[in-house]
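Here is a short note for someone opening this entry for the first time. Please read the points with the structure in view.

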Amino acid sequence: MRIAYLEDDMAQAELVTHWLKEAGHNCLHHSSGREFMSMLRRDTFDILLLDWEVPDMNGYAVLEEVRASGNRTPVLFATQRDDESSIVGALSLGADDYMVKPTKQAELLARITALGRRAGVAEMDEETALTVGPWTVDRARRQILLDEEPVKLTDKDFELACYLFQNVGKLMSRAHLLEKVWGIMTPIESRTVDVHISRIRRSLQIRPERGYRIKTVYQHGYRLEPIEE
């Protein structure tokens with residue numbers, strides 16, 4: 001999964017980042033609350049991992065701003081605060097889970113996995129077909145059917161379309177899509193995603209009259225969404 005991590009203790013940040021990467025996740029770290037929020041305004045993630053006490057804008061304020069902006073990304077707090085009022089306050093404000101430091105590797109990874117599963121981030125089962133509107137995604141045969149007829153797609157177009165169909169309604173940044181589909185972990189300036197989005201719109205006939213559209217969110221990314229009648 002793609003994880004945004006807020007932590008000002010650099011030794012702790014390096015350790016946790018190592019654990020997450022070792023488990024197969026990609027972790028982007030910031031030590032400043034304002035820098036973290038700036039990153040969230042231009043990029044998307046599967047999970048947010050927040051410390052409480054950080055410079056210039058604490059984790060509680062970050063959570064408040066995240067939820068006020070309409071961002072529903074799952075949030076896990078990892079902090080030294082173990083009093084009931086702090087835990088209840090964070091959960092009431094919109095945190096999805098809360099763990100008390102010192103952080104334990106197995107517990108952290110288990111909580112991250114559980115949050116991802118509840119949020120529908122887990123990878124699609126190869127044996128299970130997914131139907132969205134007139135489209136059926138068959139990963140076992142590596143094909144997508146439109147009105148029960150297979151559509152010819154390149155490998156990358158297929159993977160990109162699969163990921164969008166798995167995440168209907170979720171905004172995905174270009175960097176997020178580059179990582180998930182192309183395995184590019186470092187953000188780059190590229191029109192690759194835009195070109196492939198244009199192709200799958202055309203090949204799969206994803207347009208309002210079929211009940212869905214791929215919405216372009218300016219300077220951010222894309223969202224596959226149903227058309228409200």
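1. D138 is buried in this predicted model. Its relative accessible area is 14%, and the cut-off for calling a residue buried is under 20%, so D138 qualifies.

2. Where does D138 sit? The residue belongs to strand β7. Leaving aside residues up to four places away in sequence, D138 touches Q143 and F158.

3. The pairing of β7 with β8 can be followed along both strands. Residues 135-138 make up β7 and residues 143-146 make up β8. The two strands run antiparallel and are joined over 4 bridges.

4. These two strands are part of an open sheet of 4 strands, in the order β6-β7-β8-β9, with antiparallel pairing. The edges are held by β6 (130-132) and β9 (149-151). Each edge strand has a single partner, so one side of each lacks a neighbour in the sheet. From one strand to the next, the twist averages 30°.

5. A separate point concerns helix α3, which spans residues 59-68. Which of its residues are buried? They are G59, V62, L63, V66 and R67. These residues lie on the same side of α3, because the arc they cover around the axis is only 125°.

6. What covers that buried side of α3 comes from several elements. Among them are the strands β1 (2-6), β3 (47-50) and β4 (75-79). The helices α2 (33-42) and α4 (84-93) are also included.

7. Both ends of α3 deserve a look. Just after the helix, G70 has a positive phi of about 90°.

8. The last point is a helix pair. Helix α7 covers residues 174-182 and helix α8 covers residues 192-203. Their axes are 10 Å apart and the packing angle is about 75°. Angles of 65 to 115 degrees count as roughly perpendicular, so α7 is roughly perpendicular to α8.

9. Which residues meet where α7 and α8 pack? On the α7 side they are R174, L177, L178 and W182. On the α8 side they are T192, V193, D194 and H196.

Notes:
Residues are numbered from 1 along each chain as its sequence is written. This is a predicted model: local features need pLDDT of at least 70, side-chain atom pairs count only at pLDDT 80 or more; totals for chains, interfaces and linings use all residues. Side-chain values use heavy atoms; hydrogens and water are left out. Buried means under 20% relative accessible area, exposed over 50%, partly exposed in between (1.4 Å probe, protein chains only). The arc is that of the directions from the helix axis to the C-beta atoms. Contact means heavy atoms within 4.5 Å. Two strands pair if DSSP finds at least two bridges between them. Axes are lines fitted to C-alpha atoms, for helices over the stretch in contact, and angles run from 0 to 180 degrees between N-to-C directions. Angles under 35 degrees count as roughly parallel, over 145 as roughly antiparallel, 65 to 115 as roughly perpendicular and the rest as oblique.
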